[in-house]
Amino acid sequence: MAAVLESLQAATDLFYAFLPRLVSELLLVMASLITWALALLLLCHCCSSARISVGRQEEREQPYGQLSFQQGMCGIERLSALEPSRRVQSEAGVTEYFDQLQQQMQCAGVSAYRRTIQPRGLLLPFFSNAPKLIYIVQGRCVGGMVIPGCPETFQWTQQAAGQQWGEMEEAGQEQRFRDEHQRIQQYREGDVIAVPNGVAHWFYNNGEVPLVAITISDVSSGANQLDNLHRDFLLAGRERRAEQGAQMERAEERKEVNLLSGFDTNLLAEALGVDREVAKKIQNPEDRRGDIVLVERGLEMLRPSRWMEQQVQQQEEQEERQGQCPRNGLEETYCTLKNKQNMADAMLADYYNPRAGRITILNSQKLPMLRFIQMSAVRGQLRKNALVAPLWNVNAHSIMYALRGSCRMQVVGHRGRTIFDGELRQGQLLVVPQHFVVVMQSRSEQFEWIAFKTNDNAMVSQVVGKASVLRGLPVEVLMNSYRISREEARRLKFNRGSEMSIFAPKSVRELQ
């Protein structure tokens, strides 16, 4: 028994002798494991941060509104002039949609549609998920935007009914309001209208001819946090089904009835402060007129007289021609920002050649509202056989729409591959991706187009002419680049030296 106790005592002494070393070894192993775990965690965090940083840096380097999903869509092998693929008929007009799922549309991150409104036709109030530019191709109309948080500055009193604008009764007399609403404006052919996303708007054709407008929406804008499909949200009416055509809706989600139709009738009546019958009329799921309806007796509303509108318009145009810019966006509030600009006036041209044509540029420096839209526009007019200098868009995609006539266009993409060589005719649309080089020559007596850019201050770089790449290069560089003589290099550099952007056609004798 004593021997057993001695053995146990010896074992215990041995255990306690090695215990500190065992604990030390165990602590070292645990410390090593913790170190590796922390290192791995730090590495993962750094990689994640680097990816986020790179992503944000890429967003900063890209023009505002161009999201990363487009990068894989711009490997375009062939472009084609597009025409509307779907047609939606309403009671007093029609909307024609270009195929938004075309690769070139996906590359630019835009959607496009052309709308025709008959006289006395009312485009019912709606808003969209993306900012857009509207160009009035034909006709005139009145319309308005309901900007959130802005007051109703047009007030119609009982005494003012039937009077001209500004002929109010003397102060102190009792007046009863008949109506009040936000600003109403007159739009005409050649106007570009900027509409932010999420802002309700409407238009009414008060002219004698159909109103035709082309609309480009920047669905890739950072302001649109849904997907890259264009969506309109109706506040009234119901959209009819698209007519049969070569290409139908495919994956695109279409609007059916107005948003208020989705609410419970009793809850809607309580929210609007009306009885249930009125709420049912507002929802009206059986309305088959579409989103453009006919106003039988015309639309009566409060707006400045035609004479006053013409006076204001003439004053604005005179100030623009004289280079005066009273609206610089600083003294204006968001509610009073000017949202339209006419681009058809020849006196407002930025480039003019009497033998070739003219080009007018509209950016956020001229129309501050475009800073919120992050889009701009260029309108051009070419005489027969005149050319637009070969150029590329530095910081934007360009969506070209032919207004009148036709032209021959060539677009050259990456590695010098021709991706479009054909004709662009009236009513057709073509996307010219960023950095792709394009040249145009008019085939008709007069070719007119409008180009929408996905940047509020879009820039182009011209290959030839004044302020061009060739003009800015030394003669020696041209000689060695193209293996030509000094005289040939000088002719290449200065032959178009007196022209900029638009070139008059040259005869065969002049070219020799």
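Why is the disulfide of Cys 74 and Cys 107 right-handed? The torsion about its S-S bond is about 100°, and the disulfide is therefore right-handed. The pair links distant parts of the chain, 33 residues apart, with Cys 74 in the loop between helix H1 (2-61) and strand E1 (86-90) and Cys 107 in helix H2 (residues 103-108); helices (H or I, at least four residues) and strands (E, at least two) are DSSP runs numbered from the N terminus.

The structure is a predicted model, in which local features need pLDDT of at least 70 and side-chain atom pairs count only at pLDDT 80 or more, whereas totals for chains, interfaces and linings use all residues. Residues are numbered from 1 along each chain as its sequence is written, and side-chain values use heavy atoms, with hydrogens and water left out.

With a disulfide taken as a pair of cysteine sulfur atoms within 2.5 Å, the count comes to two, and the bonded cysteines, numbered in sequence order, pair as 1-2, 3-4. The sulfur atoms of Cys 74 and Cys 107 lie 2.0 Å apart, and Cys 107 is buried at a relative accessible area of 0%, where buried means under 20%, exposed over 50% and partly exposed in between (1.4 Å probe, protein chains only).

The other disulfide joins Cys 150 to Cys 335, with an S to S distance of 2.0 Å. Cys 150 lies in the loop between strand E6 (140-146) and strand E7 (154-157), and Cys 335 in the loop between helix H5 (306-321) and strand E15 (340-342), so that parts 185 residues apart in sequence are tied together. Its S-S torsion is about -90°, and this disulfide is therefore left-handed. Cys 150 is buried at 8% relative accessible area, whereas Cys 335 is partly exposed at 28%.
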